[in-house]
Amino acid sequence: MKTAIALLALLCATGGLGFFLYFGAALSQERDTPEILKSALQMELGGRNVVLVNGNRDRLLVRSFDSLRTHLEQQGWTWEDQFGAVTFYRKDNQRVLANCGMYSRRYMLCDLTQTSQVKNP
């Protein structure tokens, strides 16, 4: 019984250390870090490439720009252009600006801003 408890304690300590090494720099850089970490866990457990952060459809945790593009195209948006970390999508007379930044080595955090009444080219 003591061996099982010691093994469990070692496993928890190793998991905790691994967590801090994996997310180290990302733990204090955002205002909603607990929600982002929850979204990352959902992403890993569900095998998904895009997850809403705290149920907010304007804040996404994604694996890559390709994942973001696929997610938005499934919602009817069409890729328009990209300037650095900002990607533009269009649907009818609306535009979405996706401002993305690296959250950790494996995840990007994207904030979406929707505008309307975009003039057709």
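Which residues lie nearest the centre of the largest pocket? In this predicted model, they are Arg57, Asp58, Gln75, Trp77 and Gln114. The report below sets out the overall fold, then the pocket, and then selected residues and turns.

## Overall architecture

The protein chain contains three helices and six strands. Followed along the sequence, these elements occur in the pattern α-α-β-β-α-β-β-β-β.

Of the 121 residues in the protein chain, 30% are buried. The accessible surface of the chain amounts to about 8000 Å², and carbon and sulfur atoms contribute 57% of that surface.

## The largest pocket

The largest pocket has a volume of about 200 Å³, and 14 residues line it. Two or more lining residues come from each of strand E2 (56–62), helix H3, strand E5 (94–102) and strand E6 (108–116).

By residue class, the lining of this pocket consists of six nonpolar, five polar and three charged residues.

Helix H3 spans residues 65–74 and includes His71. With a relative accessible area of 19%, His71 counts as buried because this value falls under the 20% cut-off. When residues up to four places away in sequence are set aside, His71 touches Val50 and Leu60.

Strand E3 (residues 78–83) pairs with strand E4 (residues 86–91) in the antiparallel sense, over five bridges. Within this pairing, Trp79 has Tyr89 in E4 as its bridge partner.

The two strands E3 and E4 form a hairpin, with two residues between them. Gly84, located in the turn, has a positive phi of about 65°.

## Positive phi values in two loops

Asn54, in the loop between strand E1 (50–53) and E2, has a positive phi near 55°. The relative accessible area of Asn54 is 60%, so this residue is classed as exposed, the cut-off being over 50%.

Asp92 is placed in the loop between E4 and E5. Its phi is also positive, near 55°. Is Asp92 buried or exposed? Asp92 is exposed, because its relative accessibility is 65%.

Terms used: Residues numbered from 1 in each chain as written. Predicted model: local features only at pLDDT ≥ 70, side-chain atom pairs only at ≥ 80, totals over all residues. Heavy atoms only, no water. Helix = DSSP H or I, 4+ residues; strand = E, 2+ residues; numbered from the N terminus. Buried < 20%, exposed > 50% of the residue type's maximum accessible area, 1.4 Å probe, protein only. Contact = heavy atoms within 4.5 Å. 1 Å grid on protein atoms, 1.4 Å probe; cavity = no way out; pocket = protein on both sides within 12 Å on 5 of 7 lines; lining within 4 Å. Points joined across faces, edges and corners; volume = space filled by probe spheres on them. Nonpolar A, V, L, I, M, F, W, Y, C, P; charged D, E, K, R; others polar. Areas by Shrake-Rupley, 256 points an atom, 1.4 Å probe, with all protein chains shown as cover. Pairing = 2+ DSSP bridges.
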